[in-house]
Amino acid sequence: MDRNFTYLLILSCVIRIAFFSYGIYQDNHFKVKYTDIDYHVFNDAGHYVYLGLSPYLRQTYRYTPLLSWLFTINHYFNYLHLTKIIFMLFDIFTGIVIYCLLPSKNPSWQRCKITSLWLLNPMVITISTRGNAETILCFLVMLTILTLKNRWFGLSSLLFGLSIHFKIYPIIYALPITIYLFYSLKENKYVVIFNYGLMTLVTIIILNIVMFKMYGFEFLDQTYFYHVYRFDHRHNFSIWNQLLYMDSALTTSTSSLSKNAFIPQLLVVILVGAYNLWIPDFQNMIKKRSRHLRILCNILFIQTFAFVTFNKVCTSQYFIWYLIFLPFYIEITHLSTVRLITMLLVWIVSQAVWLNEGYKLEFLGKNNFYPGLFMGNVVFFLGNCWIMGQFITDLRSRHFNPKKHKVVHKKAVSN
């Protein structure tokens, strides 16, 4: 392993241990706890499994049983924070995969610098050390891309199926992956695409059959169906938050407008995922980059960003779904430093506006759903839409063929 990357890993581990240790101190001495409330939900579900019962006996546990199985080790060793350490390890493993995905021809210091966007990211570190399970999913997604890069299609499809089972949203990557395989493979492309999709589907079906036999319909309802009819109007950055709050008071669900929230989200995600339709000179470009999947990772970044922005439930932990792809975008972006800093400030300030209103609601007990919290949701949504537009404009302008499209890149980005 490269010495520079070894130092980066050591620093990353030290920082996470410091955050982890401080978190335990804050939990014991402050009213506002450091540990994520969901971690206690996971832990309680794991306790039920440890006793030989269903994890769904724990109210608000709405995840795959695999996660509750992992939490049984907390009860086996009688240490509440043990699974946090596992999440931190998956966090580090994700950084290692990101480093491996970056072109090996690049200097070591440059690869370390790009990888640090994940390994030294304060938000990523905080989320993993607070006990959020998203780090496992991030690792599975990155490993799916790494095996795809190495042409291990069988293993990649199994990992992709496991990712979708763990949390259903990675299914949106099916279209970009299919398009990539179609354009990058020279031989047997239809056979590979069919087998890849079939093995992914078989993996999902087998896992779901096993879980259904163990936990019945409650598994399907809490793991999948719940996300269609959920009314989470707390801790929610989404533009749909106000509508969810209003619909939660309805006596019947048939008139619920929030049930249709997925429609604009689905349209945007599909349009972004069909990137061969909106990137000029796509076919020639994809052949040049077929060995290291950089363009695919760029598209997955924007697609996930769009998915989170338009999702009817959006919390801070969802941000790392697209942050895993940020290093690959920054590696080849032509956006200026000033533009990137401006985008970062818009992202941070729009969150701060919402968090200020959210604090009044959840800690001070003020009923400020409207107009305060609603305006916070609007500011966050519009800010993210503008940022997404900057990313798309940059990606499109990079790949214009100057012989066919007389466009100066810098001018396109500045506009």
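Tutor: The following account takes the cavities in turn. The model is predicted, so that local features need pLDDT of at least 70 and side-chain atom pairs count only at pLDDT 80 or more, while totals for chains, interfaces and linings use all residues. Residues are numbered from 1 along each chain as its sequence is written, and side-chain values use heavy atoms, with hydrogens and water left out.

A cavity is a set of points, on a 1 Å grid over the protein atoms alone, where a 1.4 Å probe fits but cannot get out; lining residues have an atom within 4 Å of a point. Points are joined across faces, edges and corners, and a volume is the space filled by probe spheres set on them. Searching the whole structure gives two cavities of 30 Å³ or more.

The largest cavity has a volume of about 90 Å³. Its lining includes D38, F42, L67, E134, L137 and K167. Two helices (DSSP runs of H or I, at least four residues, numbered from the N terminus), α2 (37-50) and α8 (134-149), each supply at least two residues of this lining. By type, the lining has six nonpolar residues (Ala, Val, Leu, Ile, Met, Phe, Trp, Tyr, Cys or Pro), three charged (Asp, Glu, Lys or Arg) and three polar (the others, Gly among them).

The second largest cavity has a volume of about 30 Å³. V141, T144, I145, F160, S163, P170, Y173 and I177 line this cavity. Two or more of these residues come from each of α8 and α9 (153-166), and α8 gives the most, with three. This lining holds six nonpolar residues, two polar and no charged.

Key:
1 Å grid on protein atoms, 1.4 Å probe; cavity = no way out; pocket = protein on both sides within 12 Å on 5 of 7 lines; lining within 4 Å.
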